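Here are my notes on the chain you sent over. Have the structure open while you read.

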Amino acid sequence: MSTVPPGAPSIQLRVPTDEDALSWHRAFDDPEVMEFFGGASEELSMYEEWTARQRRLDAELGYCLWTVLGEDGEVAGFTGAQPWPRTDYGPVGEIEIGWRLARSAWGRGYATAAARLTLERLRAAGVERVVATIDAGNERSIAVARRLGMERAESFTTPQPAQEVVCFRLALTP
């Protein structure tokens with residue numbers, strides 16, 4: 001059962017479908033949305049591979065980057081978690097929580113509501129702690145991490161492009 005605070009938007013999370021690759025591509029084909037992710041959307045084929053990978057992760061681990069459906073039932077973006085993909089920098093070995101929404105979904109409380117649902121699902125899957133790695137200039141995402149109760153842990157610079165990232169952490173078990 002979900003713990004949704006009063007006034008929180010009614011959103012849903014689902015394992016990404018084949019069709020969600022196109023929805024994600026369209027939602028993220030916006031320079032504002034991609035400001036902290038290189039400035040441009042990836043090719044559709046990358047989203048096809050990415051959504052397929054999320055289906056595998058969900059089957060194997062019980063969590064992934066889920067598609068967020070807004071109050072109107074339309075795809076608003078994604079939120080969820082996956083193992084940190086790098087071994088050469090960052091929070092190696094950790095589970096990273098993240099979110100990315102279409103510009104039309106900003107300012108509606110979707111990111112926080114979806115991230116809270118993600119934390120509930122991660123607890124149910126037995127995940128003990130999570131990190132969020134956020135571009136140091138991304139105030140909106142930093143605000144979401146703080147609303148989730150995450151604490152700033154460290155900073156690092158990514159190798160390409162040289163990007164200053166803040167790492168937040170949250171224990172999911174008492």
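The points below go from the overall fold to the aromatic pairs.

1. First, a reminder that this is a predicted model. The chain has four helices and seven strands. Reading from the N terminus, the order of elements is β-α-α-β-β-β-α-β-α-β-β.

2. On overall dimensions, the radius of gyration is 15 Å, which agrees with the value near 16 Å that a compact globule of 174 residues would have. The C-alpha trace spans about 40 × 40 × 30 Å along its principal axes.

3. What share of the residues counts as buried? For this chain it is 47% of the 174 residues. The accessible surface comes to about 9100 Å², and carbon and sulfur atoms hold 47% of that area.

4. As for charge, I see 18 positive and 26 negative side chains. The centres of these two sets lie 5 Å apart.

5. Now the rings. Searching the whole structure gives 10 aromatic pairs. Take phenylalanine 28 and tyrosine 47: their ring centres are 6.0 Å apart and the planes meet at 45°, so this pair is tilted. Phenylalanine 28 sits in the loop between α1 (18–27) and α2 (44–61), while tyrosine 47 belongs to helix α2, so the pair ties together parts 19 residues apart in sequence. Both phenylalanine 28 and tyrosine 47 are buried.

6. Another pair to look at is tryptophan 84 with phenylalanine 156, which is edge-to-face, with 6.1 Å from centre to centre and 80° between the planes. Where do the two partners sit in the chain? Tryptophan 84 is in the loop between β3 (75–83) and β4 (95–101), and phenylalanine 156 is in strand β6 (residues 151–157).

7. Finally, ring pairs join Trp24, Phe28, Tyr47, Trp50 and Phe78 into a cluster. Two of its members, Phe28 and Tyr47, are the tilted pair from point 6, so that pair can be viewed together with the cluster.

How values were computed: Residues numbered from 1 in each chain as written. Predicted model: local features only at pLDDT ≥ 70, side-chain atom pairs only at ≥ 80, totals over all residues. Heavy atoms only, no water. Helix = DSSP H or I, 4+ residues; strand = E, 2+ residues; numbered from the N terminus. Rg over C-alpha atoms; globule rule 2.2 N^0.38 Å. Buried < 20%, exposed > 50% of the residue type's maximum accessible area, 1.4 Å probe, protein only. Areas by Shrake-Rupley, 256 points an atom, 1.4 Å probe, with all protein chains shown as cover. Lys, Arg positive; Asp, Glu negative; His and termini not counted. Charge placed at Lys NZ, Arg CZ, Asp CG, Glu CD. Phe/Tyr/Trp six-rings, centres within 6.5 Å; stacked < 30°, edge-to-face > 60°.
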